[in-house]
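This briefing covers sheets, helix packing, the chain interface and some backbone details of one model. The items are grouped by topic.

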Amino acid sequence: MADKTQISALKERQKRIRNFSIIAHIDHGKSTLADRILEHTKSITAREMREQLLDSMDLERERGITIKLNAVEINHVHHDGNTYVFHLIDTPGHVDFTYEVSRSLAACEGALLVVDAAQGIEAQTLANVYLAIDNDLEIIPVINKIDLPAADVEKVRKDIEDVIGLDASNAVLTSAKEGIGIEAIIDRLVTDIPSPQGDPEKPLKALIFDSFYDPYRGIVPSIRIIDGTVSKGDIIKIMSTGKTFEVSEVGVTTPKQSPRDVLGPGDVGYLTASIKNASDVRVGDTITLKKPAADKPLPGYRSLNPMVYCGLFPIDSNDYNDLREALDRLKLNDASLIYEPENSQALGFGFRSGFLGMLHMEIIQERIEREFKIDLIATAPSVVYNVHLTDGTMQRIDNPSLMPETQHIDRIEEPFVEATLLTPKEYVGNIMELCQSKRGRFQTMKYLGDARVQLIYHMPLLEIVYDFFDKLKSQSKGYASLDYEFHSYQPSKLVKMDILINGQPVDALSMIVHRDFAYRRGKAITEKLKDLIPRHMFEVPVQAAIQNKIIARSTIRAMRKNVIAKCYGGDVSRKKKLLEKQKEGKKRMKSVGNVDVPQEAFLTVLSLDD
Amino acid sequence: MKGLYVHIPFCRAICTYCDFIKEVAKPEKQTRYINALIAEVTMAASRLSGVTTLYVGGGTPSLLKEGDLHALFQAIYAIVPRTQLHEVTIEANPEDITASKAKLFKSLGINRVSLGVQTFNDALLGFLRRTHKRDDVKHAVNHLKTHGIDNLNIDMIFAIPAQDEAILNDDLKTLIELNPDHISAYSLIVEEGTRLKTLIDKGEVTPTDEDTEAKMFETVMDTLTNAGYTHYEVSNFARPNRQSIHNRIYWENGEYIGLGVAAHGHEKGRRIANTARVKDYIERLECGRSPIVFDEPDEGLKDSLLMGLRLREGVSLATLKARHGTDVFTQYPELKTAQDNGLVEVVEGNLRLTRRGVLLGNEVFMIF
């Protein structure tokens, strides 16, 4: 507990705290802007300054996006003579992580809305601005990249006013890349963003908006103190679970971890308390003290359910235990990742894994392959179906191969999302056609200014999981953008389609399809598999079946010729190298019965041009 | 039998499909290379005892100047007596074979010439960037026969992009009319780093599909066999008693010395290879250093099988057991599956590829 002197110091400090996030679309310059603010306030030395510092994971750097949240404390000596404490809380910029974004925004009093002067507002930005408005944040519009030849400041200003309804007359004009307008932003942070409310003498209420894994200190939650104080030695309580931990350190990120004696209202920092499991400190939960405890938690906490599932299998079955370890390690830092053992006839032992969305899934797969060096086969993603059985019970099915027999099924419901699409008006026709073909149900269409249109559709998540995003981009020359959130479960005419290779059903290739699309998809997938599976010594039929009835078939003809033609003047090594290469290729495939199936085959359903 | 292979890495032009060690070089560089080669012959004198066949390959050995050829052969004969050699082969491009070249070959003791013909279709020859025309072949054969060299091989390539069944049949008809004693017929392989690969990657050329290639291979086998040739190795056909003695050494996993840039040898149970860079090769020999960059034990039974199964007669299981001390089917149980799939068969104690297996040899070789 903090003493009297500490309390009054905290109250003094609280007046000069400014907590803010940066809201921007991918590529609109968020990370560069954050770097410039850090530079300008001399928060980090040149040595610490790596390009786009806040994005610390390699993968994030490569993809140029933020996956995990980071917060940094900046002490800024302002020209009014006061020293201000800025907390810049970074947010992920992807639809999979909307909930995390909303929680990190809840840790702020203000936000910089960064819009690319040449691109205008995108759907993702719009969604996040609405989240900020929901959280009562003071929003400062920033028009970035004004140095670009294609920049059109007035158009973007109008865009912000028309689309979001924010006054953009006083928008800050910047070029983060060129370092223009950074000082103006800092002035506005000081003048526009309110200092945090909150009472240091009330019981502790701290919002968990992120957590990370430290191999020596366990799970370290990132927190924003709303009320009360927290210090080393305090016994804290996680409000949703009642679990208690003893605090071993509190501190702030500058961006390295710097211990402090006490954190009070408005502070953004971390605490360590030998927390072993990421699921103990879920994002959105409230930390209080064991005594005195807050009477109720902060609003807005919900535990996240995975939206998308897939099977992850090691190519080399000896890697099974390593894969388990890799998932365990990733889970430490990612409470939203879930998995359980799965046994596939075709692929052997692996894990059925659940993710918040497609990007989340791709990132986990990539991290396993890259950081843990395990070659993976991932099956095509599936959504979670509510399967109502004739006996009145309901099963949740996330694995098509586990779908009950048709005669036991009364009806199947699938998750629908509300999809918001923003597009230049010339592509509206294309996009509406695309949405129709993906079983979308039109809701509304609205002009945003003269040139852009907002479309809202209710769409099966399944269709979005497939290739919707790629198709959307290609139908709009890359201009349309998409945001979506879960809407509801809706009954659909769904059937399970099995794929048979050489007469054997391959469980890992089973999929759920809409009855009306089954023939087309069955034909497309059998044709695609014919091209992907190499020829064998015998003819291999590839069939698609619904309830044992074959609806499509293709045939991989038997291999006719595979022999080294030439004798290279006695060079045996060359011949051997070639044979080794062929052997290696075979090894990277999975044997299904007596057929070697390459990894890509298990993802074919994702890239069907049907 | 013990072989000597000598590599001449020079060509007049680079063929579309070729990824051998070769270059287009000025005569001065060629002479410098020949001098280095002669130095290696001298250096290798002790290894050359007992050699019974000589094969000068390339590249294009026939483009060498008379003086260079003469000096090379004299240097070899100074160590390996001419009378000891059963077979002396040189590879030649048809356009190089003038009456005087044929006469020179004869005088050098060459008794077998391998002509790089590939196809008789002038358009395809142009595509392959060969430097001869259809009619050059007939003249070359005549010159060689006139000068008493009648043991001739003709190298052919099939499954060339745009080569249809009609062109192939015409190639085979023309070939049989020329009546060489030996024919090598290879299907075109698209190798990395060749112009052919680039053209295919760019979509300018469509490679022959596997079914057509297989069908063409069968046409080649049937037509040549019907014309009285024995199909004795995957890609080789011969009149009676005209099989290549030198090449059989490779297939029987026997001993051979390789001299020249990028040459490979098999000596006393070891695989040996020279540097693959011409400049490096010359520089090493000019300062008296060995050009050998690779010298490792061979792989015994595996090598015997990889090479021996290319022969249509196959390998004698008893001989292999005696030579390597292991039973083939015990060592490689998967051979049984290959046998069940009709790729290999055991006939009179010999393990060999079936006719189907000839086209699918790699599926068998991968077992080892």
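In this predicted model, chain A holds an open sheet of six strands in the order E2-E3-E1-E4-E5-E6, with mixed pairing. Chain A also has an open sheet of eight strands, whose pairing is antiparallel. Chain A and chain B bury about 3300 Å² between them.

**Six-stranded sheet, chain A**

- The strand order is E2-E3-E1-E4-E5-E6 (chain A), and the pairing is mixed.
- Strand E2 (71-77) and strand E6 (172-173) of chain A each have a single partner strand, so one side of each is left without a neighbour in the sheet.
- Strand E5 (residues 138-144) of chain A pairs with E6(A) in the parallel sense, over two bridges.
- In this pairing, Val142(A) is placed opposite Val172(A) of E6(A).
- Helix H5 (residues 123-134) of chain A packs on the sheet and touches strand E1 (17-24), strand E4 (110-116) and E5 of chain A. The direction of H5 makes about 155 degrees with that of E1(A).
- Helix H7 (residues 182-192) of chain A also packs on the sheet, touching E1, E2, strand E3 (83-89), E4, E5 and E6 of chain A. Between the directions of H7 and E5(A) the angle is about 170 degrees.

**Eight-stranded sheet, chain A**

- The order of the strands is E11-E10-E16-E7-E8-E15-E12-E13 (chain A), in an open sheet with antiparallel pairing.
- Strand E11 (244-246) and strand E13 (257-260) of chain A are the edge strands, and each pairs on one side only.
- On average, neighbouring strands of this sheet are turned by 40 degrees against each other, direction ignored.
- Strand E7 (residues 205-214) of chain A and strand E16 (residues 286-289) of chain A run antiparallel and are joined by two bridges.
- Within E16(A), Thr286(A) is the bridge partner of Leu207(A).

**Helix pairs**

- Two packed helices are described by the angle between their axes and the distance between the axes.
- In chain A, the axes of helix H8 (residues 320-332) and helix H9 (residues 358-371) come within 10 Å and cross at roughly 125 degrees. This angle makes H8(A) oblique to H9(A).
- H8(A) and H9(A) cross in the right-handed sense.
- H8(A) contributes Leu323(A), Ala326(A), Leu327(A) and Leu330(A) to the contact, and H9(A) contributes Ile364(A), Arg367(A) and Ile368(A). By class, the contact of H8(A) with H9(A) has six nonpolar residues, no polar residue and one charged residue.
- In chain B, helix H11 (residues 300-308) and helix H12 (residues 317-324) pack at an angle of about 155 degrees, their axes being 10 Å apart. H11(B) and H12(B) are therefore roughly antiparallel to each other, as the angle is over 145 degrees.
- The crossing in which H11(B) passes H12(B) is right-handed.
- From H11(B), Gly300(B), Leu301(B), Ser304(B) and Leu305(B) meet Leu320(B), Arg323(B) and His324(B) of H12(B). The contact of H11(B) with H12(B) comprises three nonpolar, three polar and one charged residues.

**Interface between chains A and B**

- The contact involves 27 residues of chain A and 39 residues of chain B.
- Of the roughly 3300 Å² buried between the chains, 53% is on carbon and sulfur atoms.
- On the chain A side, Met537(A), Arg560(A) and Lys561(A) lose the most area to chain B, together 22% of what that side buries.

**Backbone geometry**

- Most residues other than glycine have a negative phi, and most peptide bonds are trans.
- From Lys291(A) to Pro292(A) the peptide bond is cis, with omega near -10 degrees. Pro292(A) sits in the loop between E16 and strand E17 (308-314) of chain A.
- From Gly58(B) to Gly59(B) the peptide bond is also cis, with omega near 25 degrees. The loop between strand E2 (53-58) and helix H2 (66-77) of chain B holds Gly59(B).
- Gln547(A), which is not a glycine, has a positive phi of about 45 degrees. Gln547(A) belongs to the loop between strand E30 (540-546) and strand E31 (549-556) of chain A.

**Surroundings of Asp398(A)**

- Asp398(A) lies in the loop between strand E22 (394-397) and strand E23 (409-424) of chain A.
- Tyr385(A) is 13 residues from Asp398(A) in sequence, and the C-alpha to C-alpha separation is 6.4 Å.
- Leaving aside residues up to four places away in sequence, Asp398(A) touches Tyr309(A), Arg352(A), Ser382(A), Val383(A) and Val384(A).

How values were computed: Residues are numbered from 1 along each chain as its sequence is written. Chains are lettered from A and ligands numbered from 1 in the order in which they are written. This is a predicted model: local features need pLDDT of at least 70, side-chain atom pairs count only at pLDDT 80 or more; totals for chains, interfaces and linings use all residues. Side-chain values use heavy atoms; hydrogens and water are left out. Two strands pair if DSSP finds at least two bridges between them. Helices (H or I, at least four residues) and strands (E, at least two) are DSSP runs, numbered from the N terminus. Axes are lines fitted to C-alpha atoms, for helices over the stretch in contact, and angles run from 0 to 180 degrees between N-to-C directions. Angles under 35 degrees count as roughly parallel, over 145 as roughly antiparallel, 65 to 115 as roughly perpendicular and the rest as oblique. A crossing is left-handed if the near helix is turned anticlockwise from the far one by less than a right angle, and right-handed if clockwise. Contact means heavy atoms within 4.5 Å. Ala, Val, Leu, Ile, Met, Phe, Trp, Tyr, Cys and Pro count as nonpolar, Asp, Glu, Lys and Arg as charged, and the others, Gly among them, as polar. Buried area is the accessible area (1.4 Å probe) that two parts lose on being put together, summed over both.
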